[in-house]
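Thanks for coming, everyone. Let me put the model on the screen and walk you through a few places in it.

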Amino acid sequence: MQKTDWTQLWLKYEKKRDFGNGAYVAKAALKGFSAENRVIAHALEELNNGIYGMLGVTVRMVSDPGEASLVLVNSNDRKKEGFSLREQEGVLTLSAADENGLLYGVFHLLRLIAMEKPLEGIRQVVDPDDPLRMYDHWDNMDGSIERGYSGESFFFRQDEILVNRRTRDYARFVASIGINGVVINNVNVKQAATWLITERYFKVLAALSEIFADYGIRLYLSLNYAAPLELGGPDSADPLNPEVRHWWERKMEEVFAEIPNLGGFLVKADSEGRPGPFTYGRTQAEGANMLADAVKPFGGIIIWRCFVYNCTQDWRDQKTDRARAGYDNFIAQDGDYRDNVILQIKNGPMDFQIREPVSPLLGGLRRTNQMLEVQVAQEYTGQQIDICYLIPLFKEVLDFHTCCGEVCDTVSDLISGRTYGNTNTGIAAVCNTGDDGNWTGNDLAAANFYGFGRLAFCHGLDPEEIAEEWIRLSLSNDADVVEKVKGILLGSRRTYEKYTCPLGIGWMVAPNTHYGCSVDGYEYSRWGTYHRADHLGLGVDRSSRGTGYAQQYHEPNASMYNEPETCPEELLLFFHHVPYTHRLKSGKTLIQHIYDTHFEGVAEVEEMIRVWESLEGKVPESAYRTVRERFDRQLYNAREWRDQVNSYFYRKSGIEDEQGREIY
Ligand code: GCV
């Protein structure tokens, strides 16, 4: 894969049909904004390049807004970072609340032109839903990426930080979809990464943060909770130890003085072997608050992850349930966290499976800032070999009613601050980029990279609309391409789910790598990830008769999940141990459903390939070839899943496929 010459993704700015749009953008004026402002300056640069590339028009700046056809106005009618776009009598007015709003408005305008949408009569108002919209990178300083499927890191190589043209392109891409915060290093902070908060890296981090600042993005770092011990401070990380607290206060003074554009820190503590406050008999709140106090004078925030569970469980133990852990570890201290702490909660209680219920911590916490964490990197969803457009999954999570109150009870309400009127809220995604020429390994995986930002900005957008935007901007405006690729993307999650894990059971993947089928791969492991299949049935009893996990939800969700009759069927095996002969709503037995969906899943991949092949010559050649090659691997993977899952459950249950297809 080409590494030094990379694509411009959805910011290609290739020649477009004009539809009279050129007339609006020929003469522009600023009103209430200064071209000296770094974000405004970069917005104007982008406007110039984009318009010239797409319409062949050079944007001329005029000082009198009365003479301009495009007026860029600073207006306090909009929410922070919001903008509106309006055309009236030949004048296009882009009003924005602040410089970020203007930058997003300019990118929006360029997007419309790139999609060949006429600007005449346009009236759009766009205010961001989430205050914080972040990409988290799991990049290690040696250049590897934890759960990375697109090459090596473009932030780090051999313990050095890279700041170059690619850094700027990355910042442009993510700013164009409204991202305003980026964590550049892995939450598993080890070796050199612990030293990111020392003078060894200050200068270059500051330089990197300056590039981000040009596009309204704040830099964040993942922090090693045990840093005092590793960096020559006190021999403890006890959050109540005055010496430790003092060490962090001094450290933060130093760090924020050296990297003024730093937004704060992301912390994975007491999780999967990482150090944390539990070591000292302290709570998660005590740990988070100590750091929050240290960063507060500098306006910093602490994003504290809730992915805390026992990863050394005994598989024989049927009472301990990993799904319960997030809630059990965090709910007792609800309300004890400082205002500048945000708890970052994975969308599901386990770990980014293709289907999980929404974490009961979201909305379970009523007096604590909450942030949703999703995974755009396809760790469990095909690793950017298999196609899996994840935006519908994210949308489902946002729309989920937690029932934490009568109104404003969805995840969307909680993380946008509508439920409790708080502003330290938002959304973060584990990013799927690397230094591959196409940034995301599989060209179609860039739809997730793009789509996450768009959805974070506007929860109301339809995943189909987002897919269409991405296709038009990245592949082609041709109607046949748009329709067919949309079909591939929109069906891809259902297809992936069909040939992998049925009805919310999850896991059944190859241990460690998490790609490919291994039904019992985690069944006798320490990770708390079991399917509990026997010769009679399959699934984990998480009802009140089992682990009690279902009771962590507010009513009526708790009762709904508690009974197999009312539990949404796509989550049946997540919540219940069900006999193979159980009849589903379709009238099929569970075992027949497993057989059928697995055969269908493979057939759907074959169909996707046929559709993709019909687009040869209509989409960019390199994208065509890369995706085509990945489809071969996806088909191989899907067949393996189908045959292993079907054979496994046939052998366990001894029940024949009603259609007599080949099962081994
Ligand atoms: C960064 C899962 C992944 C780990 C990841 C962890 C986390 O367990 O497999 O690679 O570590 O989640 O979210 O911290």
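Start at Arg639. It is partly exposed, with a relative accessible area of 36%. On terms: buried means under 20% relative accessible area, exposed means over 50%, and partly exposed is in between, with a 1.4 Å probe and protein chains only.

Arg639 forms a salt bridge with Glu606, and the closest N and O atoms are 3.3 Å apart. That pair links distant parts of the chain: Glu606 sits in helix 17 (residues 590-613), Arg639 in helix 18 (residues 621-653), and 33 residues separate them. Glu606 is partly exposed too, at 29% relative accessible area. By salt bridge I mean a side-chain nitrogen of Lys or Arg within 4 Å of a carboxyl oxygen of Asp or Glu. Helices (H or I, at least four residues) and strands (E, at least two) are DSSP runs, numbered from the N terminus.

Quick word on provenance. This is a predicted model: local features need pLDDT of at least 70, side-chain atom pairs count only at pLDDT 80 or more, and totals for chains, interfaces and linings use all residues. Residues are numbered from 1 along each chain as its sequence is written, and side-chain values use heavy atoms, with hydrogens and water left out.

Stay in helix 18. Glu629 forms a salt bridge with Arg633, with 2.9 Å between the closest N and O atoms. These two are four residues apart in the helix, so about one helical turn separates them. Glu629 is partly exposed at 37%, and Arg633 counts as partly exposed at 35%.

Now helix 7, residues 242-258. Lys251 and Glu254 are three residues apart there, about one helical turn. Their side chains meet in a salt bridge, 3.2 Å from N to O. Buried or exposed: which is Lys251? Buried, with a relative accessible area of 9%. Glu254 is partly exposed, at 32%.

How many salt bridges does the structure hold? The count is 48. Some charges form a network: Glu464, Glu468, Arg472, Glu483 and Lys486 are linked by salt bridges.

On to the strands. Take strand 7, residues 132-136. Five of its five residues are buried, so the rest of the structure largely encloses it. In general, side chains in a regular strand alternate between the two faces of the sheet. Here both faces are covered: Leu132, Met134 and Asp136 are buried on one side, Arg133 and Tyr135 on the other.

What does strand 7 pair with? One partner is strand 16 (residues 426-430), running parallel and joined by five bridges. Leu132 stands opposite Gly426 there. Strand 10 (residues 181-183) also pairs with strand 7 in the parallel sense, over three bridges. In strand 10, Met134 has Gly181 as its bridge partner.

Follow the chain out of strand 7. The loop between strand 7 and strand 8 holds Arg147. Its phi is near 60°, a positive value in a residue other than glycine. Arg147 counts as partly exposed at 23% relative accessibility. Glu152 lies in that loop between strand 7 and strand 8 (156-157) as well. Glu152 counts as partly exposed at 41%.

Now strand 5, residues 91-96. Five of its six residues are buried, so it is largely enclosed by the rest of the structure. Strand 3 (residues 70-74) runs parallel to it, with five bridges. Asn74 stands opposite Ala96. Strand 4 (residues 83-88) pairs with strand 5 in the antiparallel sense over six bridges. Leu85 faces Leu94 in that pairing. Strands 4 and 5 form a hairpin with two residues between them, and Glu89 in the turn has a positive phi of about 45°.

Asn512 has a positive phi of about 70° although it is not a glycine. Asn512 lies in the loop between helix 14 (479-499) and strand 17, and it is exposed at 57%. Then the peptide bond between Glu555 and Pro556: it is cis, with omega about 5°. Pro556 is in the loop between strand 17 (537-538) and helix 15 (557-562).

That's the tour. Questions, please.

Conventions. Pairing = 2+ DSSP bridges.
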